[in-house]
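Please find below my note on the model, arranged as numbered points. The sequence and structure are shown first.

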Amino acid sequence: MDYQDYGINDFLLDDSFCQYCAGINPVATDFWQNWTNAHPEKASDIAKARSLYYILNGQITPQKTAADYQVMEDVFARHQQEKQLPVKSSNIRPLWWRLASMAACLLVVIAIYLHKTKTQSAQQYVSAPGRKLKVNLPDGTTVILNGDSRLTLGTGFNKSARNVNLDGEGYFVVKHNVAIPFTVHANGISIKDVGTIFNVKAYHADKTVETALIEGKIAISMEHKKEEVLLNPNQKFVWREPSAVSLPAVHPAYEVKTLTHTATDKADATETDWTRERLSFNNISLKELALSIERWYGVKIQIENTAKTEGHFTGSFTHSNPEQVLEALRLSGGLNYRKEGDVIIIY
Amino acid sequence: MVDKSNEAGTWEAFRRGEDGAFQCLYREHYVGLFNYCAKVSGSREMANEMVIETLLALWDKRDKLPQVNKVRSYLLTCVHFTILQHYRSEKRRETVQSISENFTDSVFDYEDYFIRLETKEQFKKQFFKAFNNLTARQKELLELRYYLDLSYDEIAERCGITKRTAYNIVFGALDVLKKEFEGTDTQGIDPHFLIFSLLFLTFSLLN
């Protein structure tokens, strides 16, 4: 078999090559890694064949295979252990005892069943860090969830009201329906809307809510406050959970600002850049930047206390990986990073 | 798709409960079962769990398992059942319906899948354009071979064609798609990265 004459097609028609790409056969992996090293002139073709393979197989890479395989090993090992536990049995108990305990079990089962049928399991959509999720709600509204976000529908959604709960960031395009208002609840703030396009950023961990209005009109109400804030398009509402330290008079709980636009693109607001595959940030602290990178790429970042945390960052990245963003940070001076296993450390 | 001549051997070892047979069976069918799960249930996150759950259930009943000629088909049926059970228990009736419909015939939604790919927008557009120029037959076979990881024998049987024809169709499809990769350089610094690092340099000047 003269693989040297192989073109991209030929590699992809070879079963062992495909196994090597997917990382499912150690023998194949061994062979092809050695062969590639021995034939550097074919490296480019092999790389292209692999890229095409991953597109066609749903992005199942050796990394993914190894991770899933590990999960399988763990679950299987646990399963085997549980199977080996000896079953304790004792026939000493008298009959009345056994009948009584069976009746008690039955009552408990009935109670659980009744409880379960009462509480409807709420419909939930969850996106993993580093991944966006496009969701179509039953009423025709679409939501794009940014990384590490959870959207929960309220009970009786689309009957008399449309209530959703958001922990994370979502870009909402709401289906117009005056009779059934659509409300997003996040971190104690309610954003009511009728037929509108807006972005809500409210990660529970951040204790802030930012909502940017693109089109339409929304009304925002806060817990314990009577007033409602009305937003017009191109405005955004920013709310921070008041800490014990700051006085409400000096630091108001919320403000209304106009949407920001980066120098490169006046038309689209920075706040919704993430829906266009662009990671943008405007005048944020290092801590916030690290959080954004974590959520966007699904990586873990730690900031050592030796790192310079003062200063604010502005920037925009399209189709980059976390290393490129961190390299830019490093080039800007004052901040360095290293990788320790799965964690990126900024120092 | 590991050496199919050994498939019968793995299944027998699994039935006998041999050491390592579970892992072996998982490895042999991982790609096909995972992607099938992801496609039918619509959830990539839960797919691995459901595959493992299916195999565990079979493992527990291994002494009652039949001798099977077409192991992959058998496993796909079992996985499908697991998915239905999951959704029934969550009372999502519309999803159960659509899962049953998805069983064999619906074509994989490549467009939706492409949109989620983490590659450059420009390349995605080009590639998808080329992909759409393929015939329905070509797209179907690509999905069967690479996404569902079926062997050419299995593809031939399922589509009612010869193994040779299946090969030719896939080869022809790859011929079209490979052109999108030719002339592209897989190395080199991303120009975007250079431009945006300038933004940070301005930050350092201001600070």
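1. Glu294(A) pairs with Lys300(A) in a salt bridge whose closest N and O atoms are 3.8 Å apart; the term denotes a side-chain nitrogen of Lys or Arg within 4 Å of a carboxyl oxygen of Asp or Glu. Glu294(A) is buried at 15% relative accessibility, whereas Lys300(A) is exposed at 51% (buried is under 20% relative accessible area, exposed over 50%, partly exposed in between; 1.4 Å probe, protein chains only).

2. The model is predicted: local features need pLDDT of at least 70 and side-chain atom pairs 80 or more, while totals for chains, interfaces and linings use all residues, and side-chain values use heavy atoms, without hydrogens and water. Residues are numbered from 1 along each chain as its sequence is written, with chains lettered from A and ligands numbered from 1 in the order in which they are written.

3. Arg295(A) and Asp148(A) also form a salt bridge, at 3.9 Å from N to O. Arg295(A) lies in helix H7 (residues 286-297) and Asp148(A) in the loop between S3 and S4 of chain A, so the pair ties together parts 147 residues apart in sequence (helices, H or I, at least four residues, and strands, E, at least two, are DSSP runs numbered from the N terminus). Arg295(A) is buried at 9%; Asp148(A) is partly exposed at 36%.

4. Asp15(A) forms a salt bridge with Arg145(B), with the closest N and O atoms 3.2 Å apart. Asp15(A) is in helix H2 of chain A and Arg145(B) in helix H8 of chain B, so this pair joins two chains. Asp15(A), Arg72(B), Arg145(B) and Asp149(B) are linked in a salt-bridge network.
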